[in-house]
Amino acid sequence: MAGKPILHYFDGRGRMEPIRWLLAAAGEEFEEKLMKTPEDLKKLRNDGSLMFQQVPMVEIDGMTLVQTRAILNYIAAKHNLYGKDIKERALIDMYSEGVADLNEMVMYYPFLPPGDKDGRLTQIKEKARNRYFPAFEKVLKSHGQDYLVGNRLSKADVLLTELIYHTEELDSTVLANFPLLKALRTRVSNLPTMKKFLQPGSQMKPFDDEKCVEAVKKIFS
């Protein structure tokens with residue numbers, strides 16, 4: 001029997017956080033080996049673990065996987081969170097890519113120079129409220145089902161719920177005009193596996209504060 005997946009990253013959200021969320025939703029327990037120094041990153045690079053010299057990296061089922069989307073797709077396929085056919089998979093990928101576009105802005109926000117943060121926050125709010133969240137609300141309204149694709153939980157629902165949580169940290173009323181997204185957030189949050197993950201003290205990472213930002217900059221310096 002294979003051991004638990006091992007996640008190699010720094011002690012923060014970054015590109016590993018969607019992977020943590022998806023593993024949690026799938027009910028697959030995981031361990032983390034957190035980089036704390038530039039030497040930790042150098043060791044991974046020197047021992048050949050990082051195909052493109054970058055993290056995140058996940059050891060899972062006898063494989064060493066890099067590249068966030070590849071890792072997410074493997075987990076989704078393994079745990080039947082990737083639709084029933086290629087058409088559903090195409091929709092799940094399309095929605096997940098939309099989520100990733102906005103999530104990229106949210107993810108980088110804590111790492112911006114102070115003078116750039118107000119402008120970026122305005123941009124995040126505008127795109128969440130006027131571009132991305134209306135699109136996902138429209139999908140849910142169009143078919144009247146509980147989840148985005150095929151009326152069953154998929155990778156796209158989990159990643160969208162993560163994005164909603166993180167966007168709400170920056171804009172607490174962002175879901176005010178999106179009742180179906182609010183319901184999806186509640187539905188996913190109430191799944192037994194997610195309830196556990198959303199509790200304090202879990203492997204879910206908090207907002208990347210100044211201390212985290214400085215630690216990350218040190219590792220990658």
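Tutor: A nonpolar core is a set of buried Ala, Val, Leu, Ile, Met, Phe, Trp, Tyr and Cys residues joined through side-chain atoms within 4.5 Å. Buried means under 20% relative accessible area, exposed over 50%, and partly exposed in between, with a 1.4 Å probe and protein chains only. The model is predicted: local features need pLDDT of at least 70, side-chain atom pairs count only at pLDDT 80 or more, and totals for chains, interfaces and linings use all residues. Residues are numbered from 1 along each chain as its sequence is written, and side-chain values use heavy atoms, with hydrogens and water left out.

Student: Which residues have the most contacts inside the largest nonpolar core?
Tutor: They are Ile19, Phe133, Leu148, Leu160, Leu181 and Met194, in a core of 68 residues. Contact means heavy atoms within 4.5 Å. Apart from neighbours within four places in sequence, leucine 148 is in contact with residues including Tyr95, Phe136, His143 and Leu160.

Student: Why is valine 158 called buried?
Tutor: Its relative accessibility is 1%, so valine 158 counts as buried. Valine 158 is found in helix H6; helices (H or I, at least four residues) and strands (E, at least two) are DSSP runs, numbered from the N terminus. Beyond its neighbours within four places in sequence, valine 158 is in contact with Trp21, Leu22, Ala25 and Leu153.

Student: What makes the buried residues of H7 line one face of the helix?
Tutor: In H7 (residues 179–189), the buried residues are Leu181, Leu184, Val188 and Ser189. Seen down the axis of H7, they fall within an arc of 125 degrees, so they line one face. The arc is that of the directions from the helix axis to the C-beta atoms. These residues pack against helix H5 (114–143), helix H6 (155–170) and helix H8 (192–197).

Student: How do you know that E1 and E3 pair, and in which sense?
Tutor: Two strands pair if DSSP finds at least two bridges between them. Three bridges join E1 (residues 6–10) to E3 (residues 57–60), and these strands run antiparallel. Histidine 8 has methionine 57 of E3 as its bridge partner.

Student: In which sense do E1 and E2 pair?
Tutor: E1 and E2 pair in the parallel sense, over five bridges. The bridge partner of leucine 7 in E2 is glutamate 32.

Student: What do E3 and E4 form?
Tutor: They form a hairpin with two residues between them, and aspartate 61 in the turn has a positive phi of about 50 degrees. E3 and E4 (residues 63–66) pair in the antiparallel sense over four bridges, and isoleucine 60 has methionine 63 as its bridge partner in E4.

Student: What is the order of the strands in the open sheet?
Tutor: The order of the four strands is E2-E1-E3-E4, with mixed pairing. Strand E2 (31–35) and E4 stand at the edges with a single partner strand each, so one side of each is left without a neighbour in the sheet. Neighbouring strands are turned by 20 degrees against each other on average, direction ignored.

Student: How does helix H1 lie relative to these strands?
Tutor: H1 (residues 17–26) lies across E1, E2 and E3, and runs at about 150 degrees to E1. Axes are lines fitted to C-alpha atoms, for helices over the stretch in contact, and angles run from 0 to 180 degrees between N-to-C directions.
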